[in-house]
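Hi,

Here is the structure I promised to pass on.

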Amino acid sequence: MKGLYCKVGETAAEAKFVIQETNVPSDLGSNQVKVQVKACALSPLDLKLHEDLKLQRDLVPVGREIVGIVLQVGPKVTFFQPDDEVVGILPLDTAMSGLCEAVVINENHLVQKPEKLRWVEVAGAIRDGLRAYTALHTLARMASGHTLLVLDGASPFGVLSIQLAHYHGVKVLASALSSEDQKFLEQLRPSVARVIGVWDTKVDLVDSCLEETGGLGVDIVIDSGVRLHEEEPEARCLLPYKHDIITLLGVGGHWVTTEQNLQLDPPDSRSLFLKAASLSFLNEEVWGASSARQGRYLHIMKDIVEKLSTGTLRPQLEDPVPLYDATVSMEMVQKKQVRKRLVIQL
């Protein structure tokens with residue numbers, strides 16, 4: 001069968017995506033499950049993370065967010081049986097692409113999928129839902145009455161963060177990177193308290209947040225990256241400076257960043273100290289780093305699926321593409337020309 005893989009070059013820009021023949025193990029381990037894949041989500045591949053964790057290989061599997069039907073279970077599997085509908089995220093060290101017709105995965109990386117949920121809906125939401133839970137619950141300790149700023153609120157991750165925060169009684173502000181994103185966020189229900197159109201040079205992010213909070217600042221900030229230098233690529237020009245985020249953060253606030261290369265100067269650290277504020281790095285892969293977190297991880301996954309089922313979380317999805325379009329689609333995702341793509345198995 002065929003799967004999608006990334007052929008690693010000397011630099012990230014030289015990475016190529018190829019459809020490659022691959023084999024699925026015929027013998028299952030004690031706790032392994034064989035799943036027929038019905039849909040798979042394509043998210044940007046972090047090749048630097050693979051390198052840091054010594055997981056480099058010539059062909060890196062692509063597409064880890066999967067949903068499908070159980071075909072076969074190992075002798076010690078207790079959670080699932082054949083014909084169960086399941087959803088999960090393949091581990092970072094997997095050798096299999098989620099775009100294969102079938103994959104083998106440990107049962108501790110899967111949860112049941114309610115029958116009424118569409119394949120693409122669950123596949124498109126599971127990873128961003130996990131990121132939203134990690135940011136808001138695990139790192140920021142979100143509570144009712146807090147004020148949250150979601151930067152790039154129209155992204156798949158941003159939308160689920162907004163919806164999860166609303167569910168817990170949090171007031172939400174969101175930034176929009178384009179006029180289209182702003183219109184989308186203004187029509188989102190439950191409504192966002194304020195949409196800040198940072199694409200408009202007349203709009204100031206810090207002033208808008210302080211005005212909305214009566215000068216107190218926000219309790220939680222989730223960024224989509226931070227502008228590190230004056231001269232940045234066009235795609236990063238709308239990102240805030242770290243000083244702006246620290247300025248709009250309230251006393252005792254939490255800043256959750258996705259910027260891996262963030263560096264704080266002494267004056268920045270001093271400002272955070274004076275506010276008794278905290279800074280956390282969002283890396284959802286940490287759930288697979290220790291077996292001690294396995295129970296919490298599965299609990300989060302089950303809660304995401306339940307909230308999808310009840311309509312609390314409603315991912316904004318584009319039309320899925322077939323497997324033969326996966327290579328081009330993944331190249332667009334990796335270059336951030338599109339935010340996410342979904343692939344269906346025909």
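Lys 113 sits over the face of Trp 119, 4.6 Å from the ring centre. Arg 131 does likewise with Phe 157, over whose face it lies at 4.4 Å from the ring centre. Keep in mind that this is a predicted model.

On to rings facing rings. A pair of aromatic rings is described by how far apart the centres are and by the angle of the planes. The count here is 1 aromatic pair. The partners are Phe 79 and Phe 80: their ring centres are 6.2 Å apart and their planes stand at 90°, so the pair is edge-to-face. Is Phe 80 buried or exposed? It counts as buried, at 7% relative accessibility, because the cut-off for buried is under 20%. Phe 79 has a relative accessible area of 45%, which makes it partly exposed.

Then there's the sheet. It is open, has 6 strands with parallel pairing, and runs in the order β11-β10-β9-β12-β13-β14. The edges are β11 (194-197) and β14 (278-281); each has a single partner strand, so one side of each has no neighbour in the sheet. On average, neighbouring strands are turned by 15° against each other, direction ignored.

Ser 175 stands opposite Ile 196 of β11. Helix α4 (residues 179-187) packs on the sheet there, touching both β10 and β11, and its direction makes about 160° with that of β10.

Cheers

Note on methods. Residues are numbered from 1 along each chain as its sequence is written. This is a predicted model: local features need pLDDT of at least 70, side-chain atom pairs count only at pLDDT 80 or more; totals for chains, interfaces and linings use all residues. Side-chain values use heavy atoms; hydrogens and water are left out. Rings of Phe, Tyr and Trp (its six-membered ring) pair if their centres lie within 6.5 Å; planes under 30 degrees apart count as stacked, over 60 as edge-to-face and the rest as tilted. Buried means under 20% relative accessible area, exposed over 50%, partly exposed in between (1.4 Å probe, protein chains only). A charge sits over a ring if NZ of Lys or CZ of Arg is within 6 Å of the ring centre and within 35 degrees of the ring normal. Two strands pair if DSSP finds at least two bridges between them. Helices (H or I, at least four residues) and strands (E, at least two) are DSSP runs, numbered from the N terminus. Axes are lines fitted to C-alpha atoms, for helices over the stretch in contact, and angles run from 0 to 180 degrees between N-to-C directions. Contact means heavy atoms within 4.5 Å.
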